[in-house]
Amino acid sequence: MKNKLLENKNALVFGAKGALGKQVAHAFKMSGANIYLSDIKVDDIESSDLGEIRKVDTLDEDEVNRYFSWFDRENISVDIVINLSASNPAAYNHGKPAIDVSLDQFLIPLKTTTANQFVTAKAAFPLMSKQKKGVIIFITSTLAKVGSPWSPALTASHAATEGLVKSLASEWGSEGVRVIGVRSEAMPDSPTIDYTFTTMGANMGMNRDEMQGFIEQQKTALKRLPSTHETAKVIVLAASDLAGYMTGTMINHSGGHILE
């Protein structure tokens, strides 16, 4: 459903080809934003039903800075930035016991999930501070709070990301820049969570669907899990002026898994 929550705002979505990235891009557009999409899984420029997707490697600071410099040269305001880039959970043995995770594997999400969000936030700040306005949105999961077993790498990464939100919000608030996070419960329609339920379920003697049911019934107050579409709507709220006095905090989108 269309609304005007983000009317006349320019929103940059990194990782726009992922499951959540697609939903966020669509939700931003339906809320009136002008969207600028990018992803590393693009040769150069790719057409989609939402418009062009440009190739940007969010772990390449020079490439990210060049991307943001285009907005500065064209005098296009950067109002919203969200980086939804991520890595393959199999690469860091997600869903396996910590003893089976090597140091190199443990560091993968810290580099590809936390560090890349820092890179795009850092590149956005000079433009937003010049405008004296803007919002940078970080994404984490309930792993940051619940200490789930068989997920040491991603748990550490998401907890680190939440600490980064607080640090940047405190530093950049005086420049009119909001830094806010969305902490979501597992989204079963995303490939990462599909993999997670399959792998973690095997550790507990469950199949993939049984593992999802266990989380829904035993961990959440609402007895269900969110879709990527639902999470995207919460991200729209974080980006909008309705949340204009919120910074340095995590929106708790956990369905009651975390009660605080």
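Predicted model: local features only at pLDDT ≥ 70, side-chain atom pairs only at ≥ 80, totals over all residues.
## The whole protein

Let's start with the big picture. The protein has eight helices and eight strands. Its C-alpha trace spans about 55 × 40 × 35 Å along the principal axes. A compact globule of 260 residues would have a radius of gyration near 18 Å, and the protein's value of 18 Å agrees with that.

How much of the protein counts as buried? The share is 50% of the 260 residues. The protein exposes about 12,200 Å², with carbon and sulfur atoms supplying 52% of that area. Look at the contacts too: among those between residues at least 6 apart in sequence, 71% join residues at least 24 apart.

Now find helix α2, residues 61–73. The buried residues of α2 are V64, Y67, F68 and F71. These residues cover an arc of only 90° around the axis, so they sit on the same side of α2.

On the face turned away from the buried side, you will find the exposed residues D62, R66 and R73.

At its start, a side-chain oxygen of D60 comes within 3.1 Å of the backbone nitrogen of D62. Just after the helix, N75 has a positive phi of about 55°.

## Helix α6

Helix α6 covers residues 191–203. From first to last C-alpha, this 13-residue helix reaches 19 Å, close to the expected 18 Å. Its buried residues are I193, T196, F197, T199, M200 and G201, and the buried residues of α6 pack against α7 (208–219). After α6 comes G205, with a positive phi near 75°.

## A histidine in a loop

Is H94 buried or exposed? H94 lies in the loop between β5 and α3, and it counts as buried because its relative accessibility is 3%, where the cut-off for buried is under 20%.

Leaving aside residues up to four places away in sequence, H94 touches P89, L143, W150, S151, L154, Y195, T196, T199 and M200.

Technical notes. Residues numbered from 1 in each chain as written. Heavy atoms only, no water. Helix = DSSP H or I, 4+ residues; strand = E, 2+ residues; numbered from the N terminus. Expected span 1.5 Å × (residues − 1). Buried < 20%, exposed > 50% of the residue type's maximum accessible area, 1.4 Å probe, protein only. Arc of directions from axis to C-beta. Polar contact = N/O pair within 3.5 Å; in protein donor to acceptor, adjacent residues only side chain to side chain. Contact = heavy atoms within 4.5 Å. Rg over C-alpha atoms; globule rule 2.2 N^0.38 Å. Areas by Shrake-Rupley, 256 points an atom, 1.4 Å probe, with all protein chains shown as cover.
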